[in-house]
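The sequence and structure are shown below.

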Amino acid sequence: MQQFFQEMEKSLKEDLFVKLTLSKPIRKSADLANVYLREVEIKNEKLLSFTYRYKTNDQVKNYTAKEAIQELEKLLQDAFRIATLFTLEKDVALRINKKGKATITNTPPTFSNKLPEHHDKQKVKRAEESEFLVHLGIKDKQGKLIPKMADKFKQINKYLEIIDGLIKSTDLPKQVNIVDMGSGKGYLTFALYDYLYNTKNLDVKVTGIELREELVNYCNDVANKCGYENLSFVSERIENYDKDQIDILIALHACDTATDDAIYKGLVSKSSLIICAPCCHKQVRQSVKGTTQENPILKFGIFKERQFEMVTDTIRALLLEKNQYNTKVFEFISNEHTRKNVMLVGSKASKSPNMEAINAKIEGLKQEFGVEEHYLETILEKKEE
């Protein structure tokens with residue numbers, strides 16, 4: 001620990017200091033989730049600004065360098081197990097185990113320039129300071145948002161806002177097992193883990209399922225660089241995954257029936273939450289090819305496509321209700337940022353469903369639009385057999 005503070009003092013003296021973060025609280029029940037340090041200049045005096053990120057609010061205090069080290073010593077003794085110092089020369093990570101033994105690791109620098117020393121209060125975003133943003137190319141090494149990634153950054157923060165609201169109203173176990181099916185490059189998977197583990201201080205294990213092995217290797221490498229011990233990625237088809245109990249099932253933009261395979265895994269596992277952003281919707285549309293449609297809306301190709309997207313997702317929602325879930329469908333993020341903007345959420349309900357009424361609604365939709373088969377309904381029926 002003494003070595004770590006020597007590195008910090010050296011970086012401040014030589015003007016190499018970028019920022020410092022404290023993470024992994026000693027007590028899971030602690031209100032204080034993280035602390036972030038950066039240099040500020042107030043009335044021509046350089047100070048270290050501490051942002052204390054609590055579960056319900058942020059508090060900011062400013063210290064001289066000597067006062068800052070005293071405060072850090074106290075926080076590392078009483079509240080946190082990990083401290084990461086970012087300098088222009090290298091990154092220095094201090095880890096303290098449960099027995100109080102401290103170890104240091106040095107890695108190449110994340111940042112090539114210092115952060116601005118302004119003291120204006122910035123709007124706090126849920127993924128504002130996270131290291132993964134740099135590794136995934138959303139921010140540059142100076143911590144500035146890359147302009148072409150602005151929509152993705154907005155999507156990430158909107159997603160975390162939605163997740164925050166959902167988990168507050170859901171009864172979850174002490175240790176939460178989350179599986180993200182079709183995780184792709186992992187933007188939202190990393191954001192979810194970082195927010196729940198480092199900010200919300202939840203005991204979570206997150207697994208990303210992605211068929212493309214090169215993306216899996218890439219994401220595992222980034223997770224290792226960020227020190228995300230309970231985040232991992234595996235290369236596997238969604239329908240073949242059956243390794244863990246799933247408390248929260250996520251499938252964002254899994255193509256066509258891959259969304260149904262993911263929902264099916266959540267239903268079989270009796271997940272507390274099933275969160276989907278469906279994509280492509282080919283199966284139902286293709287199943288009605290050659291069928292004469294009387295509805296004039298279906299005369300036009302673009303309307304036909306949108307109509308069958310709604311039919312597909314409505315039947316999915318009804319099948320979730322049939323399996324004792326409360327369902328809701330809402331806009332994930334504005335069409336301005338992505339057309340794949342519908343989110344379907346199922347949360348486990350205590351009240352038994354009216355099976356007869358739900359079956360009648362499903363059959364009514366299928367008859368009205370000439371749908372012979374809905375893939376999710378088919379695989380659920382096979383399970384019952």
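The largest cavity holds about 50 Å³ of space. In this predicted model, local features need pLDDT of at least 70 and side-chain atom pairs count only at pLDDT 80 or more, while totals for chains, interfaces and linings use all residues. Residues are numbered from 1 along each chain as its sequence is written, and side-chain values use heavy atoms, without hydrogens and water.

A cavity is a set of points on a 1 Å grid over the protein atoms alone where a 1.4 Å probe fits but cannot get out, and lining residues have an atom within 4 Å of a point. A volume is the space filled by probe spheres set on the points. The count is 3 cavities of 30 Å³ or more.

Among the residues lining the largest cavity are Glu 7, Leu 16, Thr 87 and Val 92. Helix 1 contributes the most to this lining, with 3 residues. Helices (H or I, at least four residues) and strands (E, at least two) are DSSP runs, numbered from the N terminus.

Two strands pair if DSSP finds at least two bridges between them.

| Partner | Sense | Bridges |
|---|---|---|
| Strand 5 | antiparallel | 7 bridges |
| Strand 2 (residues 32-42) | antiparallel | 3 bridges |

Phe 17 stands opposite Thr 87 in strand 5, and Leu 22 faces Val 35 in strand 2. A hairpin of 6 residues connects strand 1 to strand 2.

Definitions and conventions. 1 Å grid on protein atoms, 1.4 Å probe; cavity = no way out; pocket = protein on both sides within 12 Å on 5 of 7 lines; lining within 4 Å.
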